Amino acid sequence: MHLFDTLREGASFGAEELHLSDALIERWTSLYPDDPPDGRMPAGMIAVATMRAYSSLVVPRPPGNIHGSQRYEMLRRPAVGERLTTRIACAGKELKRDRRWVHFDTETVGEDGIPCFRGRMTILWAA
Amino acid sequence: MTDGMTTIDRLTPVTKRIDRAAIRLYAELTDDFNPIHVDPDFAAKTPMKGIIAHGLLSVNLLWQSVRRSLGEAAVSDAMLDIRFLRPVREGDVVTAGGERRADGDGYDVWIDNQHGETVIAGRILHGPGRAAS
């Protein structure tokens, strides 16, 4: 279990791959029908890549964590069909007014290894 | 602003009802099955006192609002920085929008619920000056 006291700043959790398949895009647009079918990843799917990496790689986690803030830097929208790789690392942690906050940095690259987007998520850690 | 990008004062609002089916589908898409999103019994025993939606489920409405208002370039070259201020509960109707910042540096953005409460707030910057501070 990754507890607040044992998470280490700078620790890398590895990488997670995501195929932007037609089926995945169809699932997304079933939730958000207004996202344009322009052959590129809808911008909100940044969250699919980064949260899948977090969910898959930062495990096990205490139940009840809460997402506090999020920053995304979009560099380009990948093409549908592209395979993405997202890396995640612990960027730091802090205790403020008895609340445990943990920061994670994510970076997602395309098949050419060039970054598509980056993120920093801050989580209120439950234990 | 990036050359060629539209400049307006207010972003076009985008609204969505966040029901349990949407929360469940978002959990599947993001592989985020935190019990506070998908387990009513667990969620009822937390300080939230019930299921809350993933914060990022609503954030896509901000991307949609920016795209509709400013065009594709404003989405593909942007820095979005937001805080989750209040929970979005199942059945809530949320509306995303924004207003051009007084200093002209991007837009203040927000998502409000049906009670007029701001649940998510932040800013979006475009182009060369978008580096996070």
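Which residue forms a salt bridge with A:Arg76? Before getting to that, a word on what you're looking at. This is a predicted model, where local features need pLDDT of at least 70, side-chain atom pairs count only at pLDDT 80 or more, and totals for chains, interfaces and linings use all residues. Residues are numbered from 1 along each chain as its sequence is written, chains are lettered from A and ligands numbered from 1 in the order in which they are written, and side-chain values use heavy atoms, with hydrogens and water left out.

The partner is A:Asp112, with the closest N and O atoms 3.9 Å apart. That passes the test for a salt bridge, which asks for a side-chain nitrogen of Lys or Arg within 4 Å of a carboxyl oxygen of Asp or Glu. A:Arg76 sits in the loop between strand 2 (66-74) and strand 3 (83-96) of chain A, and A:Asp112 in the loop between strand 4 (99-109) and strand 5 (115-124), so the pair ties together parts that are 36 residues apart in sequence. Strands here are DSSP runs of E with at least two residues, helices are runs of H or I with at least four, and both are numbered from the N terminus. A:Arg76 is partly exposed, at a relative accessible area of 24%; the scale runs from buried (under 20%) through partly exposed to exposed (over 50%), using a 1.4 Å probe and protein chains only.

By the same rule, the count over all chains comes to 16 salt bridges. In chain B, B:Asp19 pairs with B:Arg17 at 3.9 Å between the closest N and O atoms. B:Asp19 is partly exposed at 28%, while B:Arg17 is exposed at 51%. Then there's B:Asp103 with B:Arg101, at 3.5 Å from N to O; here the Asp, B:Asp103, is exposed at 52% and B:Arg101 is partly exposed at 22%. Salt bridges also link A:Asp38, A:Arg40, A:Arg77 and B:Glu72 in a network.

Now for a charged residue without such a partner. B:Asp92 is buried yet has no salt bridge, and the nearest side chain of opposite charge, B:Arg89, is 6.0 Å away. (Lys and Arg count as positive, Asp and Glu as negative; His and the chain ends are not counted.) B:Asp92 lies in strand 3 (residues 92-100) of chain B. Leaving out residues up to four places away in sequence, B:Asp92 touches B:Lys16, B:Arg17, B:Ile18, B:Pro87, B:Asn113 and B:Gln114, where a contact means heavy atoms within 4.5 Å.

Let's zoom out to chain B. Its 5 helices and 5 strands run β-α-α-α-α-α-β-β-β-β from the N terminus on. Of its 133 residues, 50% count as buried. Among contacts in chain B with a separation of 6 or more, 62% come from residues 24 or more positions apart. The C-alpha atoms fill a box of roughly 50 × 30 × 25 Å along the principal axes. An unreviewed UniProt entry lists residues 13-101 of chain B as "domain: MaoC-like", and over those residues the chain is 45% helix and 24% strand.

Notes
UniProt positions are given in the numbering used here, feature names are shortened, and annotations may be inferred rather than shown by experiment.
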